Structure formats: C-alpha cells, structure tokens
Amino acid sequence: MEASHLKKFSQRRNRMVKDIIIDIVGSFADGKTTLVKALTSESTLRHSEEKKRGITIRLGYAHFIVYKCKSCDSFSRTEKCEVCGKESEPYYRVSIIDSPGHKTLMTIMLSGAALVDGAVLVIAANQKCPQPQTEEHIEALKIIGIKNIVVAQTKIDVVGADRAKENYKEIQAFLSSKGFENVSIIPVFAAQNVNMTELVQEIGKFQVNHETEAKAAKMLVVRSFDTNRPGIDISDISGGVVGGGLQSGELRVGDKITVYPGVIVKKAWKPLETQVVEIQSEFGSETSAKKGIMVGVKTKLDPALTRRDNLAGSLITSSDVKPLFKNRVSIEYSPLEQKEKEVFKKPLQKNETVLLNILASKVLGTVASVSGGKVSFNLADAPVPYFLNDKAIVSRKSENTWVLAGSGVIYD
Ligand code: ZN
C-alpha cells in the first residue's frame with residue numbers, strides 16, 4: 001500500500017510537484033503543535049514505513065503534501081479532494097521548519113531564514129494582539145523578505161464568538177500597521193479540523209520560484225549528527241550526517257563538497273573536504289536536492305565531527321566554488337527605523353557589539369565603521385563564509401537581550 005503510493009507519487013513528481021519550506025511561527029501556548037499535527041498527520045502515516053527503511057534522519061522536521069484537485073483546483077491534504085471529493089494530484093511537498101521553545105525561536109527562525117519560502121503565523125485569540133513576540137516575529141518575516149504569509153487564528157474554541165471577532169480585528173489592524181494588509185487570517189480549530197481546508201488553500205496559493213542560474217550548491221547546515229549506534233563495529237561505521245537546506249544550486253549524490261568554517265588546525269580554521277554519499281528527505285531517498293526541501297546529507301566525514309550539532313551553522317558549497325571567508329564583513333545597512341528610535345534611541349555606533357546572522361551562522365561582531373548606510377563589522381570568533389549579495393541580519397543589545405535591529409546586503 002505504502003510502496004505503491006510512493007511509486008505513484010514519484011512518477012507524478014516529475015510532472016508538477018514543487019518543494020516548499022514553511023515556517024510555523026508561534027509558541028506552544030498559541031496551539032502551534034496541534035496545528036502542525038492537523039497539517040501533517042496524513043503524510044506522516046503514509047511515509048512512516050519508508051522512513052524506517054531509510055537512514056535515520058533526526059531533523060525533527062514535519063512534512064506533508066499539498067494536493068491540487070483535478071476538477072475544482074482546490075488544495076487538500078489528501079488525494080481525495082477535501083472540497084468536492086474528486087481525485088487530486090500532489091502539488092507541493094511541504095517541509096515544516098519547526099522552531100521549538102520560546103527564547104530560541106528567533107535564533108532558529110533567523111538561522112533558517114535564507115531557506116524559508118513561506119510562513120504560517122499562529123496567533124491565539126485568547127490574548128490581545130499583538131503580543132511582543134508576535135511583533136518580533138512579523139518584523140523578522142519582513143527582514144527575511146518572506147511574502148508568502150498566512151495567519152492562523154487559534155484558540156477560537158476557548159473564547160466566545162465575540163472575543164474571536166474582536167481579536168480578528170486586532171490582528172487585521174496589527175498586520176496593516178506592519179505593511180501586511182493583504183495577508184489572510186484564517187480562524188482555525190485544528191483539533192476538530194475546523195477551517196483547516198481554508199488554511200491549506202492559502203498554503204497552496206504560496207508562490208515560489210526556485211529556478212536559479214547558479215548550478216553550484218550552497219547548503220546551509222542547521223543540524224548535524226552521528227547516526228551510528230554506540231559500540232558499532234568499525235567496519236560498519238557510516239559517515240557524519242548534516243541536515244539543512246539549499247539556498248541555491250543543486251546537490252547530487254556523489255558531489256564533492258566543502259564545509260565551512262571547518263575545524264581548527266594549528267590555530268587556523270580549515271574547511272573540510274568531503275563527498276555526498278546519500279541524500280534523504282522526510283519524503284524518502286533523493287538523488288539530488290534543490291532549494292525548497294530540508295534534507296539529511298550523509299557524508300564521508302568522521303561522524304565525531306558531526307555529533308551533537310557540531311556543524312550547525314556551517315555553509316556547504318560544491319568544492320569548485322569558493323565563498324569569501326573572512327573576519328570582516330561590510331553591508332549596506334537598513335535599520336528597522338521605528339525600533340531604532342524607540343528601542344535603541346540611536347543609530348549603530350562605532351565599537352558597538354552586535355549579533356549577526358549570516359546564512360546559517362550566528363556570530364558576534366563589533367562595528368568597525370559607519371559611513372552613510374555602509375557599516376563594517378569585525379567578527380569576533382571564527383571567519384564567516386559568505387558570498388557577495390548575501391544578507392546579514394543585525395541584532396543589537398537592549399536591556400541585556402538581543403533585539404532584531406535591521407539587515408543589509410553584503411558588499412565586501
Ligand atoms: Zn475538488
């Protein structure tokens with residue numbers, strides 16, 4: 001049953017299925033977990049057998065398939081159209097970046113920022129909107145440049161109809177104050193499957209364009225691990241696994257790759273050279289990967305190097321491509337202006353310490369110079385790998401916490 005379903009699925013895949021990564025933004029208290037469950041249960045069940053047979057990938061990402069109806073063009077989570085009951089075809093393979101916890105949420109959200117195609121912003125009706133964290137989230141989405149957004153208004157089951165309506169208006173006002181007046185708000189009661197079809201319509205309408213001219217792979221590592229059981233015979237040891245997604249280009253099994261920044265050898269950072277042995281996604285084995293899907297990539301690296309997320313934050317490139325790899329980075333800086341006035345009270349200052357997210361890496365930096373909109377930073381720890389025109393996201397300190405302050409395109 002499962003095997004035949006997968007076979008059918010992979011045949012269709014060539015025709016029209018696209019891959020897309022969405023971030024479900026919100027906290028556990030907002031009902032995010034129930035929502036993810038309601039979106040993903042179907043495909044998780046269908047693919048569980050396939051997953052057992054594959055290499056264990058412990059990425060912790062959820063996934064599901066959005067189907068498109070052949071008759072009425074509606075989107076569904078099942079092959080049978082949830083609207084008219086006719087047959088649907090796979091349309092999107094959706095990987096969900098699940099950002100657990102509260103304080104770490106922003107960090108994870110920003111480290112996966114370059115990979116994300118769309119977001120479901122979860123807002124609970126039993127709290128006044130906006131909560132401070134909702135404000136942070138929407139600002140982050142703005143900085144990252146995500147245009148595919150839908151709001152899932154949750155907890156409508158625990159408040160009365162009046163409060164739900166009032167909260168709906170709060171959300172509307174909040175979204176338009178942030179320049180997101182065209183974002184749809186879908187009230188959902190995920191546990192009872194209420195309005196989930198409507199939410200899926202919005203996700204189905206997300207627009208992505210993953211076609212790039214660049215062939216060379218550029219993969220951002222957000223997790224890394226060792227899949228070997230303790231005490232395994234040395235001849236059976238398999239190489240380290242890195243998990244993440246491609247920002248551009250294509251990665252194929254057999255490709256020679258370089259991992260930056262690598263390891264410290266004689267006090268200097270040395271990138272790691274290795275090869276792609278196997279690529280797995282939550283949907284099964286892949287022969288190659290492009291932007292839009294979270295993958296686990298088995299390499300020939302010593303698994304000790306990939307243990308316990310050791311390589312999280314790394315950049316992987318095709319070995320014939322060399323990124324810049326320096327302790328200093330310069331950007332064309334655009335601050336969040338309202339925040340600059342109200343929270344930080346002044347523009348970036350020379351010698352100020354900031355937190356930078358560049359691709360998947362997160363580093364402390366010091367402002368070396370500010371001139372017009374151009375800002376240069378000295379990076380504190382390791383050199384950071386990047387390409388010109390990549391984006392750097394800047395957080396500044398306010399009352400001992402890092403607060404999102406702005407972003408800029410790297411020009412040097
Ligand atoms: Zn239909």
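Analyst: In this predicted model, strand β9 covers residues 241-248, and eight of its eight residues are buried (under 20% relative accessible area, with over 50% counted as exposed and values in between as partly exposed, for a 1.4 Å probe and protein chains only). The strand is therefore largely enclosed by the rest of the structure. Strands here are DSSP runs of E of at least two residues, and helices are runs of H or I of at least four, numbered from the N terminus.

Being a prediction, the model has local features described only at pLDDT of at least 70 and side-chain atom pairs only at pLDDT 80 or more, whereas totals for chains, interfaces and linings use all residues. Residues are numbered from 1 along each chain as its sequence is written, and side-chain values use heavy atoms, without hydrogens or water.

Two pairings of β9 can be described, a pair being two strands with at least two DSSP bridges between them. Strand β8 (residues 218-225) is joined to β9 by seven bridges and runs antiparallel to it; in this pairing, Gly-243 of β9 faces Arg-223. Strand β15 (residues 294-299) is likewise antiparallel to β9, with five bridges, and Val-297 of β15 stands opposite Val-242.

Lys-147 provides a contrast. It sits in the loop between α4 and β6 (148-154) and counts as exposed because its relative accessibility is 74%. Its C-alpha atom is 8.8 Å from that of Phe-180, although the two residues are 33 apart along the chain.

Another part of the fold is a closed barrel of six strands, in the order β18-β21-β20-β19-β23-β24, with antiparallel pairing. Within it, five bridges connect β19 and β23, and Leu-355 has Ser-395 of β23 as its bridge partner. Strand β23 also holds Ser-398, which is buried because its relative accessible area is 15%. Beyond its neighbours within four places in sequence, Ser-398 is in contact (heavy atoms within 4.5 Å) with Val-343, Phe-344 and Val-403.

Of its 25 lining residues, Ala-113, Ala-114, Ile-144, Gln-247 and Lys-291 are the closest to its centre. The elements that give two or more residues to its lining are β19 (353-358) and β23 (391-398). A pocket is an open set of points on a 1 Å grid over the protein atoms alone, where a 1.4 Å probe fits with protein on both sides within 12 Å along at least five of seven lines; lining residues have an atom within 4 Å of a point.

For the chain as a whole, the model contains eight helices and 24 strands. Of its 412 residues, 55% are buried. Among contacts between residues at least 6 apart in sequence, 72% join residues at least 24 apart.
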